[in-house]
Amino acid sequence: MKKISWKKLISSREMSLLIVFIILCTLIQIRNSKFLTWGNISDLLTNASMMSILAVGMMCVLLIGGIDISIGSTVAFSGMAVALMLRSNPQIPTLLSFILGTLVGTILGFIIGLIIGKGKVMPIIATMGLMYAYRGATYLIAKNQWVPSYQLPDGLKRFATGKLLGINNMVVVAIVIYIIFAYFIRYTRTGRRIYAVGSNPEAAQISGINIDNIKIIVYSIMGGLSGLVGILWLSKYASAQGDAAQGFEIDIIAACVIGGVSLSGGKGTVTGVILGVLTLGVLNNALPLINISPFWQDAIKGLVILLAIIINTMTQRSIHKNNLKRRVI
């Protein structure tokens, strides 16, 4: 049996982030004993579920060295498109609503992937342009109006508050997504190619990997997950509005960076992303709980994010140095 290398475990990015997370939770619990109650933990996980789903997709995008700042607009458009369908056809089952939303999001993501992969447009430029285009299209298809609660089916509205085995449905969806992607990114050929494209695009191309197709696949996945979240958003807030999820992409990228996903591509794990999402979720939940002024909340979040990035960078350098020493030996 293989011996566990405790030194290697402690020096890993995930372990360093876990230590920061535990310290953060301990300090908050000292300030407010209600923080670690089951009711608050359940609320925290439910509120973080949509962010966690999007963070998995963003991880894939960052792994290939890309970025997507259009996800908030994709969430809004997908939710609005399905809400308008449901308003006209309230008999549409809840499951079909989720399928339709995911399909709409996948199409929007595919368009982005096509522009970046085949059109050779820089990801930041392509997604910024389509962020505005998709947001404008959301207002356009809704004729600058919103779909209120009474025009949505009760089944869809109940989904966000329903439970499976005592766990909120939204958390269950997030768990299923993470299990699927943990397997996909590590054990499938496409998952390994995503890492290869981000680590060394030239070497990936020489080895026969179609980089353009990988980009299209990754952005389609991101779009599909955004479409799924669009319906979860619809279910949770029981309305569809043109400004839904505006600015949401900043928190998603921050969660990935906190989780150790490299902005230059090729590095990141699902475990790290989970910890990044939970860290950001704790901050969003706990800062109002311990009566921190709204004026200070963003500053504190920024400092914690910066601290996590510094620790991750130092850990990464340490791992790189150790690898170089082994090669020399």
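These legends accompany close-up views of a predicted model. Residues are numbered from 1 along each chain as its sequence is written, and side-chain values use heavy atoms, with hydrogens and water left out. Because the model is predicted, local features need pLDDT of at least 70 and side-chain atom pairs count only at pLDDT 80 or more, while totals for chains, interfaces and linings use all residues.

**View A. Ile53 in the largest nonpolar core.** A nonpolar core here is a set of buried Ala, Val, Leu, Ile, Met, Phe, Trp, Tyr and Cys residues joined through side-chain atoms within 4.5 Å. Buried means under 20% relative accessible area, exposed over 50%, and partly exposed in between (1.4 Å probe, protein chains only). The largest such core holds 96 residues, and Ile53, Met58 and Val282 touch the most other members. Helix H3 (residues 38-63) gives the largest share of this core, 14 residues. Helices are DSSP runs (H or I, at least four residues), numbered from the N terminus. Leaving aside residues up to four places away in sequence, Ile53 is in contact with Val173, Ala174, Ile177, Leu225, Leu228, Val229 and Leu232; contact means heavy atoms within 4.5 Å.

**View B. Serine 49 in helix H3.** This serine counts as buried because its relative accessibility is 2%. Look for Met170, Val171 and Ala174, which serine 49 touches when residues up to four places away in sequence are not counted. A polar atom of the serine 49 side chain also lies 2.6 Å from the backbone oxygen of threonine 46.

**View C. Serine 226 in helix H11.** The helix spans residues 211-237. With a relative accessible area of 1%, serine 226 is buried. Its contacts, not counting residues up to four places away in sequence, are Leu54, Ile71, Thr74 and Val75.

**View D. Lysine 143 in a loop.** Here you can find the stretch between helix H6 (123-141) and helix H7 (154-159). Phi of lysine 143 is near 55°, a positive value in a residue other than glycine. Lysine 143 is exposed, because its relative accessible area is 68%.

**View E. Alanine 245 in the loop between H11 and helix H12 (248-258).** Although alanine 245 is not a glycine, its phi is positive, at about 60°. Is alanine 245 buried or exposed? Alanine 245 counts as buried, at 4% relative accessibility.

Technical notes. Helix = DSSP H or I, 4+ residues; strand = E, 2+ residues; numbered from the N terminus. Polar contact = N/O pair within 3.5 Å; in protein donor to acceptor, adjacent residues only side chain to side chain.
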